[in-house]
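Please read the following report alongside the sequence and the model.

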Amino acid sequence: MKKPIIWDLSIRILHAAFGLSLTLALLIGFTVDDDAPLFAWHMLFGLIASGLILIRLLVSLIGSRHAKWKGFLFTPWETIRYMVLAPFGKASRYAGHNPGSALAALGMFAAAAGLVLTGLFLGSEAGEEIHEGLAIFLVVMICI
């Protein structure tokens with residue numbers, strides 16, 4: 001029996017490029033002083049990630065069934081039920097995103113978009129703190 005392919009090639013490439021650009025931006029951002037010449041690469045990888053977010057938004061409107069926004073939307077009850085049952089292996093199986101991964105993906109999209117906006121438009125001390133806090137939140141979400 002042939003295994004069904006849920007994620008098409010465009011989503012796979014987009015996901016890999018997004019993950020790579022975010023990883024490089026985060027690594028440089030956490031390890032390099034913002035006065036160092038290498039810091040320009042942090043900004044470049046952040047801009048690449050922002051472009052990929054825009055492409056992902058477009059794909060969510062015109063893409064395949066599992067790539068569309070509808071695949072991220074679950075009722076609160078379905079999400080709670082999934083989160084309670086998943087650790088015990090009792091949760092329902094889903095093609096595409098399950099309620100937990102959908103919630104995580106939406107949180108990561110929001111954090112990544114917030115990183116882009118704070119990186120581009122908030123040059124103040126408070127803006128840098130918000131930017132760094134969002135970066136830490138994103139790393140925690142990725143690790144979870």
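## Helix 1 against helix 2

In this predicted model, the axes of helix 1 (residues 9–31) and helix 2 (residues 39–62) come within 8 Å of each other and cross at roughly 150°; axes are lines fitted to C-alpha atoms, for helices over the stretch in contact, and angles run from 0 to 180 degrees between N-to-C directions. That angle makes helix 1 roughly antiparallel to helix 2, given that angles under 35 degrees count as roughly parallel, over 145 as roughly antiparallel, 65 to 115 as roughly perpendicular and the rest as oblique. The crossing of helix 1 past helix 2 is left-handed, a term used if the near helix is turned anticlockwise from the far one by less than a right angle.

Contact here means heavy atoms within 4.5 Å. On the helix 1 side the contact includes I11, L14, F18 and L22, which face a set in helix 2 that includes W41, F45, L52 and R56. The residues of this contact divide into 17 nonpolar, four polar and one charged, where Ala, Val, Leu, Ile, Met, Phe, Trp, Tyr, Cys and Pro count as nonpolar, Asp, Glu, Lys and Arg as charged, and the others, Gly among them, as polar.

## S60 in helix 2

S60 lies in helix 2 and counts as buried because its relative accessibility is 4%; buried means under 20% relative accessible area, exposed over 50% and partly exposed in between, with a 1.4 Å probe and protein chains only. The side chain of S60 reaches the backbone oxygen of L57 at 2.5 Å, and it also makes a polar contact with the side chain of W69 at 2.5 Å. A polar contact is a pair of N or O atoms within 3.5 Å; within protein, one must be able to donate a hydrogen and the other to accept it, and residues adjacent in sequence count only if both atoms are side-chain atoms. Leaving aside neighbours within four places in sequence, S60 is in contact with A67, K68 and W69.

## The whole chain

The secondary structure comes to five helices and zero strands; helices (H or I, at least four residues) and strands (E, at least two) are DSSP runs, numbered from the N terminus. Of the 144 residues in the protein, 30% are buried.

## Basis of the values

Residues are numbered from 1 along each chain as its sequence is written, and side-chain values use heavy atoms, with hydrogens and water left out. Local features need pLDDT of at least 70, side-chain atom pairs count only at pLDDT 80 or more, and totals for chains, interfaces and linings use all residues.
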